[in-house]
Amino acid sequence: METHSVFAAHPLVTRRLLRAAIGLSAALWMVVPRPPAAIAGTAAPRPAAAAEQAGLRALFGSENRVIRTRELVVAVTFNAAWNEAGLNRVLGELARRHAPATFFLTGGFAHRYPEAVRRIATARHGLGNHSYSHPYFKDLTEAGRRREVLAADRALRAAGGGAALTPFFRFPYSETSPAQIREANGLGFADIEFTTDTNGWKGTEGGMTVDRAVHRALQALRPGAILQLHVGASGGRTEVIDAEALPRILDTITARGYRVVDLRTLLTSLST
């Protein structure tokens with residue numbers, strides 16, 4: 001007897017089964033999480049592999065603004081919440097100098113620019129979580145903060161972040177508190193902030209220039225410094241001071257005897 005003969009001989013059974021299947025599909029669709037509002041109960045992601053857990057736990061409980069080392073190393077990081085206006089140049093300058101970086105993206109950015117996420121991942125840079133919509137976390141409930149972190153994680157994964165994803169979270173506006181850091185840790189993320197921001201994001205209308213951005217970055221140079229730059233600009237602007245300043249920053253870092261390290265080395269080994 002052929003396996004489909006039941007459906008051929010009994011159309012009433014077929015119709016009932018189809019209605020049941022449609023009903024089940026509709027029910028499942030209703031519970032699919034929609035970032036950022038509907039995922040409060042989603043299981044916490046655990047981005048780090050088992051071998052990296054010890055290194056990750058060492059970062060828990062801290063507002064990490066420097067790498068704990070005496071070596072002449074510096075980490076270069078970029079935030080992205082607005083547009084991707086400076087990304088081409090940033091990726092090009094990093095590639096020319098074989099310099100690694102970590103990009104802290106909002107989920108909203110990942111949703112709007114999935115190709116940018118894939119390009120960063122393909123270039124083998126790290127991807128960090130910068131919340132979904134970049135709100136002030138102090139104005140949210142604990143459940144709201146959880147939704148922001150998990151929704152961003154989902155967006156980064158959906159955009160193709162893949163193996164580039166890191167268990168690193170950077171708070172919007174770099175506003176942290178011990179309680180909120182514990183919350184992020186509980187979701188499997190270490191808080192990674194920065195030693196200095198170039199302030200290039202302010203643009204020329206905010207009084208910034210390429211020279212000033214370079215000066216701010218290099219003034220903070222010390223063993224383990226973490227620099228923060230931005231890949232885009234607000235208000236639809238296409239001028240990205242940090243993209244223009246990056247070559248000078250990287251070249252001077254090298255000239256002063258420092259090397260740029262990947263933040264993911266924090267999960268494995270970096271001598272202290």
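Predicted model: local features only at pLDDT ≥ 70, side-chain atom pairs only at ≥ 80, totals over all residues.
In which hand does α9 pass α10, right-handed or left-handed?

Let me begin with the packing of helices. Two packed helices are described by the angle between their axes and the distance between the axes. For helix α9, residues 210-219, and helix α10, residues 241-255, the axes come within 9 Å and cross at roughly 45°. That angle makes α9 oblique to α10. As for the opening question, α9 passes α10 in a right-handed crossing. On the α9 side, the contact is made by V210, D211, A213, V214, A217 and L218. On the α10 side, the residues are I241, D242, E244, A245, R248, I249, T252 and I253. Sorted by class, this contact has nine nonpolar residues, one polar and four charged.

Helix α10 also packs with helix α4, residues 87-96, and here the axes come within 8 Å and cross at roughly 15°. Angles under 35 degrees count as roughly parallel, and α4 and α10 are therefore roughly parallel to each other. Their crossing is right-handed. From α4, the residues R89, V90, E93 and L94 meet A243, E244, L246, P247 and L250 of α10. This contact comprises six nonpolar and three charged residues, with no polar ones.

I turn now to empty space. Rolling a probe the size of a water molecule over the atoms shows where such space is left.

The largest pocket has a volume of about 250 Å³. Its lining consists of 14 residues, and those nearest the centre are N79, W82, H134, Y173 and H230. Six residues of this lining are nonpolar, six are polar and two are charged.

How many cavities of 30 Å³ or more does the structure hold? There is one, and the largest cavity contains about 30 Å³ of space. The residues lining the largest cavity are L127, G128, N129, D153, L156, L165, T166 and F189. Two or more of these lining residues come from each of β3 (126-129), α7 (142-158) and β4 (165-169). Strand β3 gives the most, with three residues. By class, the lining of this cavity has four nonpolar, three polar and one charged.

Definitions and conventions: Residues numbered from 1 in each chain as written. Heavy atoms only, no water. Axes fitted to C-alpha atoms, helices over the stretch in contact; angles between N-to-C directions. Helix = DSSP H or I, 4+ residues; strand = E, 2+ residues; numbered from the N terminus. Parallel < 35°, antiparallel > 145°, perpendicular 65-115°, else oblique. Left-handed = near helix turned anticlockwise from the far one by under 90°. Contact = heavy atoms within 4.5 Å. Nonpolar A, V, L, I, M, F, W, Y, C, P; charged D, E, K, R; others polar. 1 Å grid on protein atoms, 1.4 Å probe; cavity = no way out; pocket = protein on both sides within 12 Å on 5 of 7 lines; lining within 4 Å. Points joined across faces, edges and corners; volume = space filled by probe spheres on them.
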